[in-house]
Amino acid sequence: MVLWSIVLALTAVVLTVIYYHNKFYSVFKEHGIPYVKSIPFIGTTWKLFFPKECFADSMQKMYNIHGDAKYIVQYEFTEPIFVVRDPELIKSITVKNFDHFVNHQTFLVGDSDPLFSKNLFILKDDVWKNVRNLVSPTFTTSKMKAMFPLLRDCAKRYGEILFKLPDDQRILELKDTFTRCTNDAIASCAFGITIDSMTDRENIFYVMGRKANNFDKFAMFKFLIARYLPFVYRLFRLKIIAVNVDKFFEKLIADNIKERKEKGINRPDMIQLLLDTREKSASRIKLTNMDIASQAFIFVLGGLENVSTQMCFAAYEIGVNEKVQRKLQDEIDDVLANCNGEVTYEALTNMKYLDGIVNEALRMYPIAMFTDRLCTKQFELPPTLPGSKPYVMQKGGYIQIPIYAIQRDPRYFKDPDKFIPDRFIGNAKKEIDAGAYVPFGMGPRMCIGNRFALLIIKILLFELFAKCNLKPCEKTTIPMQLTKEMAIMAPKDNFWFKIEPRSETCPVYVNSATSNTVH
């Protein structure tokens with residue numbers, strides 16, 4: 001009897017699973033919407049923890065299950081995710097019909113993560129709109145221009161460090177160096193503090209910044225709990241950011257603000273810009289110190305790893321493509337000759353080939369492999385295929401935009417796996433469909449810090465290749481292979497290159513910056 005009871009119980013479970021599995025997919029079959037077959041009640045989420053291939057390849061395969069569909073469906077546990085593949089529909093969702101898709105995916109409820117949960121990416125609805133309106137003026141062209149000398153000084157210092165490397169240290173893993181440079185740039189431009197992370201390699205700002213960006217599998221697990229089991233997240237007062245990291249940045253910013261007020265300090269960095277915005281705002285809604293802290297902290301959270309990794313991918317493609325490197329250095333030398341040896345903000349932002357390189361690196365290796373939108377009011381998706389039915393998405397429905405996959409689609413980018421900076425220059429750039437190139441998202445909810453990120457990437461690449469050549473070495477992996485260990489854009493075997501000083505460096509630059517170091 002016990003055996004039969006067990007058999008009957010297992011049979012009931014199996015039949016229940018089959019019933020709900022078929023029920024989930026029946027509505028999509030009825031509407032003619034292609035979907036990704038997955039494990040009942042788990043969906044494709046298991047791939048995050050037990051990957052068989054790199055996450056980018058997994059996304060590409062999902063994207064390609066039906067080449068003509070405007071959108072397809074996959075499951076995250078029991079929640080359907082509409083993966084949008086059509087550039088016009090992407091523009092419709094993110095721009096034209098933005099009022100239907102105001103928010104990102106909902107997670108992080110409760111007050112256990114105040115520093116993290118108050119940043120613009122997490123905020124929702126009117127709270128997001130109010131803070132965005134208050135913060136946006138700090139990212140204007142004039143503000144970036146005022147901040148530029150701080151970035152240039154930091155980048156020049158790192159360019160000189162790489163130029164002067166001893167012969168026995170010229171085989172270098174770029175990620176460590178670029179992360180330290182990004183760390184110092186963020187410390188200066190966002191927090192108003194001066195750090196030298198190449199000399200003081202274990203400085204507290206760098207150590208805490210790296211800890212803040214340690215999104216391992218346990219961190220992903222906590223994200224899923226916050227998304228699907230918010231009561232558990234609240235009950236155990238879980239935190240995405242470690243307590244000591246949270247407290248460090250809260251105190252750092254609070255002390256920084258206090259010191260500026262007491263001593264009348266004013267410098268062109270992000271905290272000062274946010275403080276000025278608070279003082280000048282005519283709105284009855286004012287930024288609190290915690291709001292300022294949260295927006296400054298997002299530079300560490302969204303910039304330290306992401307920006308430095310993006311620099312590495314751009315440098316990698318320059319390093320393995322000799323013609324690209326030579327053409328970039330010719331452009332750099334022309335700029336320096338016309339700027340008396342020191343690049344200006346205007347000159348840097350007008351460099352067409354450097355811009356093409358950075359844009360092409362963002363196309364091939366986007367910082368975020370996908371972005372999302374949450375349906376905030378009912379919206380009718382068009383038929384995904386000719387002859388299929390429209391689908392009415394209800395409030396709470398989830399849209400995913402597969403940035404990596406659509407930017408590798410040969411329909412929108414010829415030879416998508418080749419690094420071709422010229423596709424972003426002149427008339428060729430005008431022909432790119434805006435809905436197919438979205439490395440920072442699109443519409444009002446796109447990344448507000450994209451100008452700052454691009455500025456850091458460009459100025460470091462400029463200073464590096466003004467003084468140095470990158471040469472592949474025995475450790476350089478060609479072609480690029482992405483890791484399957486994490487659901488992020490990262491290489492399998494790091495970024496190894498040989499750094500060589502340029503013997504043909506522009507004389508104007510040599511005389512003004514490195515006259516005593518030319519080999």
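Here is a short walk through a predicted model, one selection at a time.

Residues are numbered from 1 along each chain as its sequence is written, and side-chain values use heavy atoms, without hydrogens or water. Local features need pLDDT of at least 70 and side-chain atom pairs count only at pLDDT 80 or more, while totals for chains, interfaces and linings use all residues.

Start with helix α3, residues 87–96 (helices are DSSP runs of H or I, at least four residues; strands are runs of E, at least two; both are numbered from the N terminus). Colour Pro87, Leu89, Ile90, Ser92, Ile93 and Thr94, its buried residues (buried means under 20% relative accessible area, with a 1.4 Å probe and protein chains only). They pack against β1, β2, β4, β5, β7 and α17 (contact means heavy atoms within 4.5 Å).

Next, select arginine 180 in helix α7, residues 174–191. With 4% relative accessibility, arginine 180 is buried. Show Tyr158, Ser197, Met198, Arg201 and Tyr206, which arginine 180 contacts beyond its neighbours within four places in sequence. A polar atom of its side chain lies 2.9 Å from the backbone oxygen of serine 197.

Move on to helix α9, residues 217–228. Among its buried residues are Lys222 and Arg227, along with Leu224 and Ile225. The buried residues of α9 pack against β2 and α10.

Finish at lysine 239, in the loop between α10 and α11. Lysine 239 is buried, at 18% relative accessible area. Which side chain does the side chain of lysine 239 make a polar contact with? The partner is aspartate 246, at 2.9 Å (a polar contact is a pair of N or O atoms within 3.5 Å; within protein, one must be able to donate a hydrogen and the other to accept it, and residues adjacent in sequence count only if both atoms are side-chain atoms).

Note on methods
Buried < 20%, exposed > 50% of the residue type's maximum accessible area, 1.4 Å probe, protein only. Expected span 1.5 Å × (residues − 1).
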